[in-house]
Amino acid sequence: MGRSSMQPNQVLVGYDWSDVGEHALTWALRYANTTASQLHVLVAVDEQHRVEAAGAGPVDFAYTERLHDLLASKLAGACAALGDAAAIDYAVHVRIGKPAHEVLMVAGEIGADLIVVGSHGKTGLRRMVQGSVSEAVVRGAECPVMVVRPKTYSDVQRLDVAATPHGHHHRKPHIYSYQNASVTKRPSDWPLW
């Protein structure tokens, strides 16, 4: 059995220069900054998965070097944008191959504790033809996987935690709070309905 860690030390994010890739990268950068995890950023390319920013030409060593330089510059700028509080150790990986396969390979090589991938939300025929990288990663990963996508839910104001008098009967969900190593919960004489 491998080590078990509740706080990830090695976080891998798959990045592809798409809108959802940007969202996954932003989320992973903030997460790594707040958890002191080492962040590994992977771009996987092949003839079907090219990055326009790297320019034309065959997908070869020179192409991956251009991508590596682009991604390293992007990450330096993103870390600077987080401000003085940013303290992120990161590594850049550029691989030639199918994205899901390469994510899983790098995860094994670095002993990933968490993999972050974006979801394009493909459905139907498009998903059958192109496949789902995030789904393949979830199926094949040997660690937790977080699938990140932009939030489309409306914002809702947080519920206030308020004490209710004994004997008050209501059917709304009970709300608990944790503070100073104690959990506040319903008194044992309250009914469960």
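The legends below describe several close-up views of a predicted model.

Residues are numbered from 1 along each chain as its sequence is written. Because the model is predicted, local features need pLDDT of at least 70 and side-chain atom pairs count only at pLDDT 80 or more, while totals for chains, interfaces and linings use all residues; side-chain values use heavy atoms, with hydrogens and water left out.

**View 1. The protein chain and its order of elements.** The protein chain has five helices and seven strands, where helices (H or I, at least four residues) and strands (E, at least two) are DSSP runs numbered from the N terminus. Along the sequence, these elements follow the pattern β-α-β-α-β-α-β-α-α-β-β-β. Of the 193 residues, 31% count as buried; buried means under 20% relative accessible area, exposed over 50%, and partly exposed in between (1.4 Å probe, protein chains only). Among contacts (heavy atoms within 4.5 Å) with a separation of 6 or more, 65% join residues 24 or more positions apart.

**View 2. Confidence across the model.** The average pLDDT, the predictor's confidence in each residue from 0 to 100, is 79 for the protein chain, and 73% of the residues score at least 70. Over residues 124-130, pLDDT stays under 50, and the model has five contacts beyond four places in sequence for this stretch. Where pLDDT is low, the predicted coordinates should not be read in detail.

**View 3. Helix α1 and its surroundings.** Helix α1 spans residues 19-35, and its 17 residues reach 24 Å from the first C-alpha to the last, close to the expected 24 Å; the expected span is 1.5 Å times one less than the number of residues. Buried residues of α1 include Val 20, Ala 24, Leu 25 and Leu 29. Their cover includes strands β1 (10-14), β2 (38-45), β4 (114-118) and β5 (145-148), together with helix α2 (61-81).

**View 4. The loops on either side of α1.** Trp 17 lies in the loop between β1 and α1 and has a positive phi near 70 degrees; Trp 17 is partly exposed, at 23% relative accessible area. In the loop between α1 and β2, Ala 36 has a positive phi of about 60 degrees although it is not a glycine, and Ala 36 is exposed at 65%. Ser 37 belongs to the loop between α1 and β2 and is buried, with a relative accessible area of 2%. Ser 37 and Asn 9 are 28 residues apart in sequence and 4.5 Å apart in space, C-alpha to C-alpha.

**View 5. The nonpolar cores.** A nonpolar core is a set of buried Ala, Val, Leu, Ile, Met, Phe, Trp, Tyr and Cys residues joined through side-chain atoms within 4.5 Å. In the largest core, of 26 residues, Val 13, Leu 39, Val 41, Leu 67 and Val 116 touch the most other members. Elements giving two or more residues to this core are β1, α1, β2, α2, β3 (89-96) and β4. A second, separate core of 13 residues includes Leu 12, Ala 100, Val 106 and Val 137. Beyond its neighbours within four places in sequence, Leu 67 is in contact with residues including Trp 17, Val 43 and Val 94.

**View 6. The crossing of α3 and α5.** The axes of α3 (residues 99-110) and α5 (residues 133-140) come within 8 Å and cross at roughly 35 degrees. Axes are lines fitted to C-alpha atoms, for helices over the stretch in contact, and angles run from 0 to 180 degrees between N-to-C directions. Pro 99, Ala 100, Val 103 and Leu 104 in α3 meet Val 133, Ala 136, Val 137 and Gly 140 in α5.
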